[in-house]
Structures are given as structure tokens and as C-alpha cells.
Amino acid sequence: MADPNKPRLTDAQKKKNHILSEKKRRDAIRLEFDRLADLVPGMEGQGRSEALLLSATVDFIRHQNDRTKELKEVAKERGFSEEEVDGLLEEAIRTVDARKGEGDASRGSMGSEGGGAGGNGAR
């Protein structure tokens, strides 16, 4: 329950808090768009619209999903089980992440847990 002795915020204080909260939210979104742009080929460090970046990201993920399916089909044709293929893909992701980390250890990385397309066949 609210403390009845605590002074209430004035309208000006409420407005200031709202403005600061909104700025923090926009800054967080901007930072994540910048991180996303670093992951999508051709979008690194460019001035771009968020719509263009999202469109390029969708295209990139679709391409990666298609390529993963192709690689899985080739591996299956060559006698690998689905579990073996998934293990090899995970190992490849860890290797790439480790090498990438060597080059940009000073910057945050999405890593294998956030850098893929989740459970829709990207890995």
C-alpha cells in the first residue's frame, strides 16, 4: 500500500519522469538496431532506416535457413544422422563465435543463444 505521508509527484515531475523513461527506451531500441546492423551483411555501420534493416534481416535469416536446409540434405545423403548434423552445426557456431570473440572482445556479442533464428531450422 502507498505511504500516505509520502509527497505525491507534481505534474511537472511526472512529465519529466515520463520523458526520461521514453528516452531510455528509445536509446535501448537504437542500440539493439545498431547491434542487429552489425550482424546483417551489407548493413554494418551504415546510415539506414529501421524498416530497411528489418527487411534485410528477414532476407538474411531466410537465406540462412535455406542454406542450413541444403546442408542438412547433403549431409543426410552422405549418411549423417540428423543428430550428427545438428551437433556439427552447433560445433561450427561455437567455433565462429569463438573466432569472432577474438576479433571484437571489447564489444558485446549475441553469441549462439541469441544470434540465430531460434527453433525454425536455423540450427
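Reader: How far apart in helix H1 are Arg 26 and Glu 22, counted in residues?
Author: Helices are DSSP runs of H or I, at least four residues long, and strands are E runs of at least two, numbered from the N terminus. In helix H1, about one helical turn separates Arg 26 from Glu 22. Counted in residues, the separation is four.

Reader: What kind of model is this?
Author: Residues are numbered from 1 along each chain as its sequence is written, and side-chain values use heavy atoms, leaving out hydrogens and water. Local features need pLDDT of at least 70, side-chain atom pairs count only at pLDDT 80 or more, and totals for chains, interfaces and linings use all residues, because the model is predicted.

Reader: What distance separates the closest N and O atoms of Arg 26 and Glu 22?
Author: Side chains of opposite charge can pair when their charged atoms come close. A salt bridge needs a side-chain nitrogen of Lys or Arg within 4 Å of a carboxyl oxygen of Asp or Glu. Arg 26 and Glu 22 form one, with their closest N and O atoms at 3.9 Å.

Reader: Is Glu 22 buried or exposed, or partly exposed?
Author: Buried means under 20% relative accessible area, exposed means over 50%, and partly exposed lies in between (1.4 Å probe, protein chains only). Arg 25 at 43% and Arg 26 at 39% are partly exposed. Glu 22 has 24%, so Glu 22 counts as partly exposed.

Reader: Which residue forms a salt bridge with Asp 27?
Author: Both partners lie in helix H1, four residues apart, about one turn. The closest N and O atoms are 2.8 Å apart, and the partner is Lys 23.

Reader: Which residues do salt bridges with shared partners join into one network?
Author: The structure holds seven salt bridges. Those that share partners join Glu 22, Arg 25 and Arg 26.

Reader: How many residues make up the largest nonpolar core?
Author: A nonpolar core is a set of buried Ala, Val, Leu, Ile, Met, Phe, Trp, Tyr and Cys residues joined through side-chain atoms within 4.5 Å. Here the members are Phe 33, Ala 37, Val 40, Met 43, Leu 53 and Ala 56. H1 and helix H2 (50-77) each supply at least two residues of this core. The core's total is six.

Reader: Which residues does Val 40 contact, leaving aside neighbours within four places in sequence?
Author: Contact means heavy atoms within 4.5 Å. Under that cut-off, Val 40 touches Ala 56, Thr 57 and Phe 60.

Reader: Which residue's backbone oxygen does the side chain of Thr 68 reach?
Author: Thr 68 is found in helix H2. At 9% relative accessibility, Thr 68 counts as buried. Its side chain reaches, at 2.8 Å, the backbone oxygen of Gln 64.

Reader: What pattern does the protein chain follow along the sequence?
Author: The protein chain has four helices and zero strands. Read along the sequence, the pattern is α-α-α-α.

Reader: What share of the protein chain's residues count as buried?
Author: The protein chain has 123 residues. The buried share is 13%.

Conventions: Polar contact = N/O pair within 3.5 Å; in protein donor to acceptor, adjacent residues only side chain to side chain.
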